[in-house]
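Here is a short note to read beside the model. Keep the sequence and the 3D view open, and take the points in order.

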Amino acid sequence: MRIAAAALALSLTATACTTPDAASQSASTTQPMVSPILTTAQAFDDQTYAQPQVARVTHVDLDLDLDFEGQQVGGKATLDVLAQPGAKEIVLDSNGLQIASVTDGAGRRLSYSVGAMSDDGGKGAPLTIQLDGAERIVIDYRAAPNAAALQWLTPEQTAGGEYPYLFSQGQAILNRTWIPTQDSPGIRQTWEARITAPKPLDVVMSGVRQGEPEDLGNGRRAFRFVMDKPVPPYLIAIAAGDIDFRAIGPRSGVWAEPVMLDRAWREVNDTEQLIEAAEELYGDYRWGRYDMIVLPPAFPYGGMENPVMTFLTPTFIAGDKSNNGLIAHELAHSWSGNLATYSSWRDGWLNEGVTSYFENRITEQVYGEQRAEQEYALSYASLVEGIEEAGADSPTTAMRSPDSISPFETEGVAIYDKGTVFLRTVENMVGREKFDAWLTQWFDNHAFEPVTSEMFLADLREKLIGNDAQLERRLMLDEWVYGTGLPSNALKPDPQTFAAVDNAVAAYAADGTLPTANTWTGWTAAEQRRFLERMPEERTDEQLAALDARLGLSEAGNNEVLFLWLEAGLRNQYDPAVPQAERFLSQVGRNKFVSPLFTALSESDWGKPIARRIYAETRDSYHSYTRGRVDATLGMTAGE
Ligand code: BES
Ligand code: ZN
């Protein structure tokens, strides 16, 4: 059941219920591609006000000016609407948008209303527009200066220090703070944009740049972008700053601030190999170019899979490609997440879990089996620990988040790591060759379409299990996806993977014997992480000082390692770690590092005032996502 019958009942034009084949054909003609929507219970997204069965947006055309002084974007959004005959209105998502007018394609005013704001603010407010027969609507608007998706950086927050910078982060439901559209992953839209920015700034987006920028003669330039494949709207993204480009392969390259570009390029210059490996595994890369932008360290995530333009934190750069699993991950989303996309946020694992599995397969192919196995073992260990902490019967440990909790409450490990372990387990039971063929056809058959957990499982059952009742029992599919905790058939990592490190941990725990400096530097980054994650949690000042003196942890070039050191230091109330952590927290806005460091501080009376003091200085430099998470950690209410 790929397309719900109800979606077809919409009596849409032929393209509305395209098969993937017809969909890809239409891309080469002038007909814009229109993806189907799903109307099954699992596909329902409770984080949107849209009623796509009644009327939906199929194409977004943005004409926006970037105002760095006012820290605002504003202009026009022109939306193409596909409505059921007789539909009176269309409902969009909006959050804090200042709307000047709404007209139809001919300039006729349409009446509209903005409903009540959601309780927690995240969902925003419905923007209901009376269609009056219109198939195109034009919204004249400005986003709020504090739009949650956007982060405006001062020159001081950039590496160059000379020019301001802007980037967006749309996932999960932030794009409604700067784009008035139906902001739901199951409502795919093609889009295009014209963006103006002051010289000499460059603009990139998650769409293909069209020609050279146009000089407007008023100190500004206009940039044009097109995404002709329907994407979930959380994937519309923008960045602007003093940035340059350097090519890697025929279809890949990297953008970064000029002073960062060389370091960034050297880290990611094997991207073309990653793309080739991914294609060998699961079929053609369907998006044309694969470029990346290495953003300033305020970026709240490690990476974001914005189509044709992956967004990256600079904190993954270690000088030795040891964190390039991140690139493999964001690249893998070009299939899992960007081709076949969850329809509801409750199916987080369909994007992130499948991608984490795929990431590991790319890593194996490009960086070797040992590294892949080590990363799998780290992932498995996080899963076990995460489930232990949450409780094996906690609804937050189910891969598909149950209706009883918010879709955003599911543990990260249940989405990423449980998803990886699940697919490894299935792969192991059905055999790699068969599994790979199945996953390839899954992406292919659902390219540019929304999907759900039940569709994934039904397809697996139909094509991989058939009548094999014994295999069905052994796989425990429903327990994995809908159940909590860790199913008993989980494929454990090879215990030999970290044998040497685990012995070193045991020796250290027994009598304080530290690995020699040579042993330590001979270890892979994953081995170093394993050691720091496994060493005894409680350490005295003397023990921490000895550890740092021997292993040089406070000087670690790999931020994953440095982070584990800082976390251990703060947890153990180790004074020398405070200035180091303070420096780190004043530069880096990546939530994965920032939140746990504040959490570590907030766990003791020693740390609480330190956390408050540092956060008072750094809070304004964080993206709204990181700020929200740390506010919660420190028990602050919004705006405090
Ligand atoms: N798409 C995610 C980031 C995301 C997920 C943003 C959910 C908002 C809501 C991205 O692909 C991701 O998973 N990033 C990870 C990378 C890591 C798993 C290699 C990150 O940022 O840490
Ligand atoms: Zn991801």
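**Notes on the model**

1. Start with one side chain. A polar atom in the side chain of glutamine 72 lies 3.0 Å from the backbone oxygen of alanine 143. The side chain of glutamine 72 also makes a polar contact of 3.5 Å with the side chain of glutamine 98. A polar contact is a pair of N or O atoms within 3.5 Å; within protein, one must be able to donate a hydrogen and the other to accept it, and residues adjacent in sequence count only if both atoms are side-chain atoms.

2. Before going on, some ground rules. This is a predicted model, in which local features need pLDDT of at least 70 and side-chain atom pairs count only at pLDDT 80 or more, while totals for chains, interfaces and linings use all residues. Residues are numbered from 1 along each chain as its sequence is written, chains are lettered from A and ligands numbered from 1 in the order in which they are written, and side-chain values use heavy atoms, with hydrogens and water left out.

3. Where does glutamine 72 sit? It is in strand β2, residues 72-83. Helices (H or I, at least four residues) and strands (E, at least two) are DSSP runs, numbered from the N terminus. Glutamine 72 counts as buried because its relative accessibility is 12%. Buried means under 20% relative accessible area, exposed over 50%, and partly exposed in between (1.4 Å probe, protein chains only). Leaving out residues up to four places away in sequence, glutamine 72 touches several others, including Asp65, Arg142 and Trp152. Contact here means heavy atoms within 4.5 Å.

4. Now the metal. Which residues hold the protein donors of the zinc ion (ligand 2)? They are His329 (NE2), His333 (NE2) and Glu352 (OE), 1.9 to 2.1 Å from the ion. Donors are N, O and S atoms within 2.8 Å of the metal (3.2 Å for Na, K and Ca); water is not among the atoms, so sites may look incomplete. The donor residues follow the spacing H-x3-H-x18-E. Histidine 329 is in helix α5 (residues 325-332) and glutamate 352 in helix α6 (residues 348-367), so this pair, 23 residues apart, links distant parts of the chain. Both histidine 329 and glutamate 352 are buried.

5. Look next at ligand 1. There are 13 residues around it, and Gln171, Gly302, Glu305, Glu330 and Tyr416 come nearest. A residue is near a molecule or strand if one of its heavy atoms lies within 4 Å of it. An oxygen atom of ligand 1 is 2.6 Å from a polar backbone atom of glycine 302. A nitrogen atom of ligand 1 lies 2.6 Å from an N or O atom in the side chain of glutamate 305.

6. One sheet deserves a look. It is open, has 3 strands in the order β3-β6-β5, and pairs them antiparallel. Two strands pair if DSSP finds at least two bridges between them. β3 (89-94) and β5 (112-114) are at the edges with a single partner strand each, so one side of each has no neighbour in the sheet. Tyrosine 112 has isoleucine 129 as its bridge partner in β6.

7. Finally, check the backbone. Most residues other than glycine have a negative phi, and most peptide bonds are trans. A cis peptide bond joins glutamine 171 and alanine 172, with omega about 5°. Another cis bond, between lysine 199 and proline 200, also has omega about 5°. Methionine 476 is not a glycine, yet its phi is positive, near 55°.
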